Amino acid sequence: MLRRLTEAEIAGVGMTSQRTRDRLIDRVRAKGVCDERVLETMRRTPRHLFMDEALASRAYEDVSLPIGHGQTISQPFVVARMTELLVECLPRRGARVLEIGTGSGYQAAVLAGLAETVYTIERVRALAERAHGRFRQLGLRNVQLRHGDGHEGWPGEAPFDGIIVTAARAQVPAELFAQLAAHGCLVAPVGGSGGQELVRYAPDEEGARQARVHDLVSFVPFVDGRA
């Protein structure tokens with residue numbers, strides 16, 4: 001049976017201590033992320049608990065790291081940047097967010113501190129089960145996780161105020177746009193192995209959804225189906 005983690009375990013020691021987390025947040029801020037809500041939420045979120053113990057000492061480096069099954073936990077700056085772009089569009093209260101690609105669960109945990117409810121989908125069952133366990137241990141009751149095909153989204157819970165996609169493909173599936181609220185926005189890496197751009201799709205003053213490129217990024221491919 002899973003045991004809820006103690007405050008000391010969440011706080012970490014040495015290379016996973018709060019002081020080490022603070023230094024990471026300073027680096028992320030220096031790179032241009034300025035939303036203090038995002039930075040404070042990331043400061044409180046124990047990234048070292050979302051990876052294998054063998055890599056925990058590197059948890060607060062600003063790099064992506066492997067989590068198995070050909071997947072990675074994203075670079076903290078990229079997590080912060082994508083989160084910042086998304087929350088700019090969200091209502092201050094009652095926000096409902098869909099994440100495609102749970103992976104380790106770290107991005108969903110960050111979003112859980114900024115939205116009322118986070119729905120997250122992972123195609124790899126082993127990763128989904130591991131992330132679900134972490135959410136329970138951390139007491140994140142506002143995160144709903146499903147093992148499924150991210151291409152399909154989660155139509156039964158739509159519409160969403162925001163959707164974040166953590167894997168790249170040449171075009172975002174139309175099914176995801178269909179699950180956005182009229183005011184909602186979607187943040188995703190777009191492109192193939194030759195290069196990807198971080199794009200936010202948000203409505204303009206007339207309500208038409210426009211795409212704007214924000215950064216160059218590198219993500220694992222968006223794969224359809226379950227594994």
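The legends below describe close-up views of a predicted model, with residues numbered from 1 along each chain as its sequence is written. Local features need pLDDT of at least 70 and side-chain atom pairs count only at pLDDT 80 or more, while totals for chains, interfaces and linings use all residues; side-chain values use heavy atoms, with hydrogens and water left out.

**View 1. Packing of helix α2 on helix α3.** Helix α2 (residues 18–30) packs against helix α3 (residues 36–44) at an angle of about 150°, and their axes lie 9 Å apart. That makes the two helices roughly antiparallel (angles over 145 degrees count as such). Axes are lines fitted to C-alpha atoms, for helices over the stretch in contact, and angles run from 0 to 180 degrees between N-to-C directions. Helices (H or I, at least four residues) and strands (E, at least two) are DSSP runs, numbered from the N terminus.

**View 2. Residues between α2 and α3.** From α2, the residues Q18, R21, D22, I25, V28 and R29 meet E36, L39, M42, R43 and R44 of α3, where contact means heavy atoms within 4.5 Å. By class, this contact has 4 nonpolar, 1 polar and 6 charged residues; Asp, Glu, Lys and Arg count as charged, Ala, Val, Leu, Ile, Met, Phe, Trp, Tyr, Cys and Pro as nonpolar, and the others, Gly among them, as polar.

View 3. An open sheet of 7 strands runs in the order β5-β4-β3-β6-β7-β8-β9, with mixed pairing (two strands pair if DSSP finds at least two bridges between them). The edges are β5 (143–147) and β9 (209–217), each of which has a single partner strand, so one side of each is left without a neighbour in the sheet. From one strand to the next, the twist averages 15°. Helix α6 (residues 125–138) packs on the sheet, where it touches β4 (117–122) and β5, and its direction makes about 160° with that of β5.

**View 4. Strand β7 and its partners.** Of the 13 residues of strand β7 (residues 180–192), 10 are buried, so this strand is largely enclosed by the rest of the structure; buried means under 20% relative accessible area (1.4 Å probe, protein chains only). Strand β6 (residues 160–165) pairs with β7 in the parallel sense over 4 bridges, and I164 stands opposite V187 in β7. The pairing of β7 with β8 is antiparallel, over 7 bridges, and a hairpin joins these strands through 2 residues. The bridge partner of A188 is V199 in β8.

Methods. Angles under 35 degrees count as roughly parallel, over 145 as roughly antiparallel, 65 to 115 as roughly perpendicular and the rest as oblique. Buried means under 20% relative accessible area, exposed over 50%, partly exposed in between (1.4 Å probe, protein chains only).
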